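Let's take a walk through this one together. Have the sequence and the 3D view ready, and follow along piece by piece.

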Amino acid sequence: METNFAFVAEENGEIVGIAHGRFVGGSGLAILGWIGVHPTYQNKGIGKALLEKVIEHCRTEGCHKITLYTLPVLIPAVNLYLKHGFVPEAYLRKEWWNVDFIKMSKWL
Ligand SMILES: CC(C)(COP(=O)(O)OP(=O)(O)OC[C@H]1O[C@@H](n2cnc3c(N)ncnc32)[C@H](O)[C@@H]1OP(=O)(O)O)[C@@H](O)C(=O)NCCC(=O)NCCS
């Protein structure tokens with residue numbers, strides 16, 4: 001059974017950022033599905049805070065690995081992941097929508 005998780009960042013009662021993902025059964029693998037911050041609120045540390053929350057949650061839940069799929073053109077996202085110990089695990093050429101993706105992972 002898959003379990004979903006989500007965290008939101010709030011500013012003045014409004015949601016300005018979100019991170020969600022899922023645990024793949026009891027396998028110990030977590031998949032970060034999406035992380036995004038409203039453009040007005042970017043570059044203020046919100047993405048970093050959300051990702052750290054996700055990592056902490058996955059660790060607490062006993063996961064051994066977090067993986068995600070991103071695009072090489074999403075430089076802020078790739079930098080954010082690299083800064084938090086995610087490493088490129090696979091380069092997926094012309095994957096979804098005929099576009100290149102990178103699978104990045106962090107082992108806990
Ligand atoms: C990726 C994203 C979530 C980062 O959120 P953020 O709140 O702006 O990021 P933070 O302010 O917490 O910055 C954390 C790190 O991200 C990286 N980063 C953020 N903005 C960046 C930019 N414009 N250029 C390069 N690196 C950037 C840096 O490594 C930064 O660390 P530093 O400040 O110590 O250099 C945000 O840019 C976003 O929502 N992008 C659009 C959606 C998206 O691409 N989601 C990922 C899909 S896989």
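Start with a term: a nonpolar core is a set of buried Ala, Val, Leu, Ile, Met, Phe, Trp, Tyr and Cys residues joined through C-beta atoms within 7 Å. Buried here means that 20 or more other C-beta atoms lie within 10 Å of a residue's own; 12 or fewer makes a residue exposed, anything in between partly exposed, and the C-beta atoms are placed from the backbone. What you're looking at is a predicted model, where local features need pLDDT of at least 70 and side-chain atom pairs count only at pLDDT 80 or more, while totals for chains, interfaces and linings use all residues. Residue numbers run from 1 along each chain as its sequence is written.

Now for the core itself. The largest one has 19 residues, and Ala19, Ala30, Leu32, Leu50, Val54 and Ile66 have the most contacts inside it. Strands S2 (14-23), S3 (29-37), S4 (65-70) and S6, along with helix H1 (46-60), each supply at least two of its residues. H1 gives the largest share, five residues. Helices (H or I, at least four residues) and strands (E, at least two) are DSSP runs, numbered from the N terminus. As a rule, nonpolar side chains in soluble globular proteins tend to be buried together.

Next, the sheet. Six strands form an open sheet in the order S1-S2-S3-S4-S6-S5, with mixed pairing; two strands pair if DSSP finds at least two bridges between them. At the edges sit S1 (3-11) and S5, each pairing on one side only. S3 and S4 run parallel, paired over four bridges, and Ala30 has Ile66 in S4 as its bridge partner. H1 lies across S1, S2, S3 and S4, at about 30° to S2. For such angles, axes are lines fitted to C-alpha atoms, for helices over the stretch in contact, and the angles run from 0 to 180 degrees between N-to-C directions.

What about the ligand? Of the 18 residues around the ligand, Gln42, Gly47, Lys48, Pro76 and Asn79 come nearest, where being near takes a C-beta atom, placed from the backbone, within 6 Å. S3, H1 and helix H2 (75-83) give two or more residues each to this shell, and H2 gives the most, with six.

Last stop: Asp100, in the loop between S5 (87-92) and S6 (101-107). Is Asp100 buried, exposed or partly exposed? Asp100 counts as partly exposed because 13 C-beta neighbours lie inside 10 Å.

Key
Contact = placed C-beta atoms within 7 Å.
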